[in-house]
Amino acid sequence: MNIKQILSLSIAAAMVFSACGENETQVDKSSVSLSAETVEAAPEGGIYDITVTSDSDWRVSGFCEWARPLSESGKSGETLRIEVDPSNSRDILTTEFKVFSGSAVKSVKVFSNPSFTMNLLTGNEVELSSSTSTLKIKLDTNVPEIETLFSGSGADWVEYVSRQEVFGNTILTFRVNANETYKDRETELTLSGNGKSASVKILQSQLDAIVTDTQKVVHTGLNASSVTFGVRANVDFTFELPSWLTLVSQEKGASGEDGLTTYTITLSFGENVASRVAELNFVSGGKVLLQVSVKQQNPDAVLFNITDMILRRELVKKGWILASDSSTECELLEPGMTGTSLDISTSGWNALDVTVIDGLDNFHALESLSLNNLNVETLNLDNCAKLNTLIINKLPKLKEAILGNCPITVFKSYLGGMYSEDYFEQKSLKISSENLTEINVSSESNYISYYDNCAEIDVAGCPKLSILKAKRETSDWYGNVICHLEKLYVSQVQKDAIDAGTLTLEKSNQTELVVR
């Protein structure tokens, strides 16, 4: 091969390599840009223009029922018009169209904002009591953020708590603080957002009140007289008087800025032989809003002591005494001076927790005493000069009965019957009296089997006994005799009377008779 042929081949090869290099470095110059890549359509819809810039003709793709391009293609610099229908949705709608130019593509995102609404489903006026309460307001709304605004001082006593979406509705919860003033109050709550609003009037009642500066009105002296005191109220009221008090006048005065009206009340009463007291309940709307104590005070008051606080409370309730929890001292009132019958009882499973009964000798007219379902441990009736009747039932904790010189002649510890709740939880029981002629502590109650712990009864301090019944026994399911009373203590005189037949004795064969 000559030089000319070699050069020809070299030139041909170079041309081939040059052509391959040009194909490998060729660049796609397709491009498209948009003046806006999003469309924010108002709820009423509209037509929105976007300018398209491209290196060649462009075209649009995409489909939506509520939005559409008004032209499918165009040239660089021309406008792509997108039509958006009015929104019928409560939510934001979105769709997307794509603009192509050659191999280049751009997206246009279209947002259709909803038509906002705010409809009040609860009443536009709410009335609340004076106490703390929860207020729930129900709305038909799609406003995402709701602002609250209170008129007057409403923000001081109404507080927003939470928002809930329940079954397509919105519930706003508010806390309403107690109204501690004596006037009604109100505020208008405005709810707003996204150009929509609703308002609710909130009315809160006053704190109904009857107040006084003198809850204890005292006249010292047993002579006929009168007392005057004032109350202030923002409600109509009534009060009942006991028979010894008479309403002389009730004068209505001016109303103060605090909403309370002044009333001046005058009561009269006659002459009396002892202190007496009345608790006047001032009632409005079926509720006691004020209690005023009116007392005619004996300047020479009869004072005495009652040990047990619960007993004092019971006698205070009955109006027989004046007393407090902090002192055993009591003042005798007229019912306690003249009352002839006294019942200290309770019913149900829980016994009244009176542990000591004493001081009843100060009730000089007392003739009859009933005690039922009490936790009495010591019963002291000494010096109850007129007491001649004692009815006892269910005193399971009784340890000692001191009757002393009171004229009671019969002591019976239960009402009787196989199914009566007759038992003594204490290990021993002592009974003493100058006048008892009969003691009956016998029992056949089934309760003896389970609860009776009484192993000893002492009646040696009852010298006039002629009948002593102390047969405390029952039988189990198998006919076995059950008796917990081990010893019955008597005096030697009583033992001799038993032997002589002048003192009748009934006891279990399992009970031993022991002389003190």
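Buried means under 20% relative accessible area, exposed means over 50%, and partly exposed lies in between, with a 1.4 Å probe and protein chains only. This is a predicted model, in which local features need pLDDT of at least 70 and side-chain atom pairs count only at pLDDT 80 or more, while totals for chains, interfaces and linings use all residues. Residues are numbered from 1 along each chain as its sequence is written, and side-chain values use heavy atoms, with hydrogens and water left out.

**Aromatic pairs**

- The structure holds 14 aromatic pairs; rings of Phe, Tyr and Trp (its six-membered ring) pair if their centres lie within 6.5 Å, and planes under 30 degrees apart count as stacked, over 60 as edge-to-face and the rest as tilted.
- One of them is the tilted pair of F239 and F282, with 4.7 Å centre to centre and 35° between the planes.
- This pair links distant parts of the chain, 43 residues apart: F239 is in strand β21 (residues 238-239) and F282 in strand β24 (residues 276-284). Helices (H or I, at least four residues) and strands (E, at least two) are DSSP runs, numbered from the N terminus.
- Both F239 and F282 are buried.
- The pair of Y423 and Y451 is tilted because the ring centres are 5.2 Å apart and the planes are at 40°.
- Y423, in the loop between β35 (410-412) and β36 (428-433), and Y451, in helix α5 (residues 447-451), are 28 residues apart, and their pair links distant parts of the chain.
- Y423 has 12% relative accessibility and so counts as buried, whereas Y451, at 42%, counts as partly exposed.
- F229, F237, F239, Y263 and F282 are linked into a cluster by ring pairs.

**Charges over rings**

- R59 lies over the face of F100, 4.5 Å from the ring centre; the rule asks for NZ of Lys or CZ of Arg within 6 Å of the ring centre and within 35 degrees of the ring normal.
- R516 has its charged end over the ring of Y489, at 3.8 Å from the centre.

**T261**

- T261 lies in strand β23 (residues 261-269) and, at 8% relative accessibility, counts as buried.
- Its side chain makes a polar contact with the side chain of S255 at 2.6 Å. A polar contact is a pair of N or O atoms within 3.5 Å; within protein, one must be able to donate a hydrogen and the other to accept it, and residues adjacent in sequence count only if both atoms are side-chain atoms.
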